[in-house]
Amino acid sequence: MATHRGSILLVDDEEKILKALGRALREAGHEVVDTTSARQAQRLLGERTFDIFVVDNVMPELGGLDLIREYVASTPDGERPAILMMTAHATVESAIEAMKLGALDYLQKPFEIDELLVVVRRALDHQRMRTEYRYLLSERDEQFDHYGIIGRSRAMEEVIRRAELVAETKSTVLITGETGTGKELVARAIHDRSAQRDMPLIKVNCAAIPDTLLESELFGHVRGAFTGATSTKKGKFGLADGGSIFLDEIGTMNPTLQSKLLRVLQEREFEPLGSERSEKVDLRVIAATNRDLRQMVAEGKFQEDLFYRLNVIPIEIPPLRERREDIPALVDHFVQKHSQRIGRRIDRIDDGVLAGLQQYDWPGNVRELENTIERAVVLSAGPVISARAVSVLGAATPQATGLPSLKLRQNIEWVERETIRRALENSGGVKKDAAELMGISQRALSYYLAKYRID
Ligand SMILES: Nc1ncnc2c1ncn2[C@@H]1O[C@H](COP(=O)(O)OP(=O)(O)OP(=O)(O)O)[C@@H](O)[C@H]1O
Ligand SMILES: [Mg+2]
């Protein structure tokens with residue numbers, strides 16, 4: 001059957017046997033390369049791939065077992081053919097040794113040709129299953145990790161889908177979302193997937209640069225353009241030419257600069273400060289903001305024309321609390337990332353803790369989650385992240401929501417009641433878990449429940 005066809009490297013120092021076996025295997029539809037030299041076989045294995053490697057045990061130059069041992073040591077499992085050893089009765093032990101090293105099977109000499117064909121066919125099936133399995137694994141990993149963007153919620157699927165689509169174009173992209181939702185991560189993913197990925201992605205944080213400097217930062221200046229401009233300097237738009245420019249926190253840009261930016265977007269050219277000559281640029285603009293630009297337009301704080309120029313392809317990343325199903329995968333990812341980074345073995349996170357993390361509202365979104373996990377990994381004593389490592393760290397503790405009064409006792413009672421309420425909420429009403437989240441005994445919890453008449 002055609003589906004059983006595979007490529008085979010056959011090595012036996014006895015010419016007659018080699019020819020007979022080779023002929024039978026070819027007749028069965030396989031592609032066979034044969035050699036009487038173990039050294040030659042070694043070279044061939046280094047030069048090309050085979051599905052199956054059939055090797056005799058006793059050979060003058062180099063024994064089959066040693067050949068296998070050397071080969072296995074130098075080639076990763078996933079890149080090796082299935083190995084079959086032929087051996088005489090007296091040396092069956094070395095065949096078993098070979099199997100311990102990773103050989104799939106052995107044939108005891110003398111054997112019938114049919115027996116060889118069956119074993120080879122089985123080895124091919126085995127090899128194909130392994131290949132398919134590895135493919136499925138890699139595909140799963142890829143699905144799980146789209147350019148480092150973790151998240152299989154419908155909302156994130158849509159974000160990833162749009163990012164992929166827009167990467168192929170040069171359209172302007174506007175990424176919106178609360179702080180820490182991954183706007184910069186998505187901007188980088190778009191650039192890295194684009195035809196311009198070998199060109200630079202230049203980032204400008206519009207909020208971090210004082211208004212007076214931002215213009216020269218963006219467009220550059222010539223010598224003498226202003227006091228202190230002792231040399232000519234290229235701006236970020238010039239530097240990003242041919243690539244992408246990432247304008248972060250675009251909502252903070254002042255009206256004058258908004259107008260200048262609008263012109264660049266419309267005409268694809270700009271003048272460096274103090275220069276008479278305009279420069280042409282060919283680049284993609286990716287802008288991001290955590291503000292509601294539409295609202296700002298309505299309030300007259302953001303130019304309407306500019307908004308429409310930027311909002312060609314909008315990508316909105318929802319806050320983490322609106323896609324809680326992403327939390328377990330993110331937690332896994334960050335546990336792995338940070339335990340690897342600091343070289344500590346963390347196997348998993350306590351189920352109750354995970355439930356708590358999934359219920360928390362994460363005002364700082366993925367960034368806050370990552371920080372929480374990083375600290376938990378650092379502070380964890382054992383291989384399991386426990387409630388204690390996380391609860392001291394913010395996730396399960398109340399936010400500074402403002403105290404009800406200035407009366408100390410009243411405030412303390414309020415904090416106690418609020419803590420219990422949240423812990424119960426986070427543990428789905430299971431008292432044992434709530435007590436653990438709070439770091440107190442179940443008896444102590446019963447006392448508080450009675451004190452505050454909570455049931
Ligand atoms: N879906 C995600 N998968 C993996 N990591 C993520 C994801 N979303 C965010 N992160 C990580 O969280 C952190 C914050 O993300 P990023 O800086 O992109 O957020 P942002 O939206 O730009 O925030 P800000 O508005 O505060 O600038 C980064 O370390 C980023 O790698
Ligand atoms: Mg950012």
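Modeller: A cavity is a set of points, on a 1 Å grid over the protein atoms alone, where a 1.4 Å probe fits but cannot get out; lining residues have an atom within 4 Å of a point. Points are joined across faces, edges and corners, and a volume is the space filled by probe spheres set on them. This is a predicted model, with local features needing pLDDT of at least 70 and side-chain atom pairs pLDDT 80 or more, while totals for chains, interfaces and linings use all residues. Residues are numbered from 1 along each chain as its sequence is written, and side-chain values use heavy atoms, without hydrogens and water.

Biologist: How many cavities of 30 Å³ or more are there?

Modeller: Two, from a search of the whole structure.

Biologist: What lines the second largest cavity?

Modeller: Asp 350, Gly 352, Val 353, Ala 387, Asp 433, Glu 436 and Leu 437. Helix 18 gives the largest share, three residues; helices here are DSSP runs of H or I, at least four residues.

Biologist: Switching topic: which residues have the most contacts inside the largest nonpolar core?

Modeller: Leu 218, Phe 237, Leu 247, Ile 250 and Phe 302, in a core of 31 residues. Such a core joins buried Ala, Val, Leu, Ile, Met, Phe, Trp, Tyr and Cys residues through side-chain atoms within 4.5 Å, buried being under 20% relative accessible area with a 1.4 Å probe, protein chains only.

Biologist: And which helix gives the most to this core?

Modeller: Helix 10, with five residues. A second, separate core has 25 residues, including Leu 437, which also lines the second largest cavity.

Definitions and conventions
Chains are lettered from A and ligands numbered from 1 in the order in which they are written. On a 1 Å grid over the protein atoms alone, a cavity is a set of points where a 1.4 Å probe fits but cannot get out, and a pocket is an open set with protein on both sides within 12 Å along at least five of seven lines; lining residues have an atom within 4 Å of a point. Helices (H or I, at least four residues) and strands (E, at least two) are DSSP runs, numbered from the N terminus. Buried means under 20% relative accessible area, exposed over 50%, partly exposed in between (1.4 Å probe, protein chains only).
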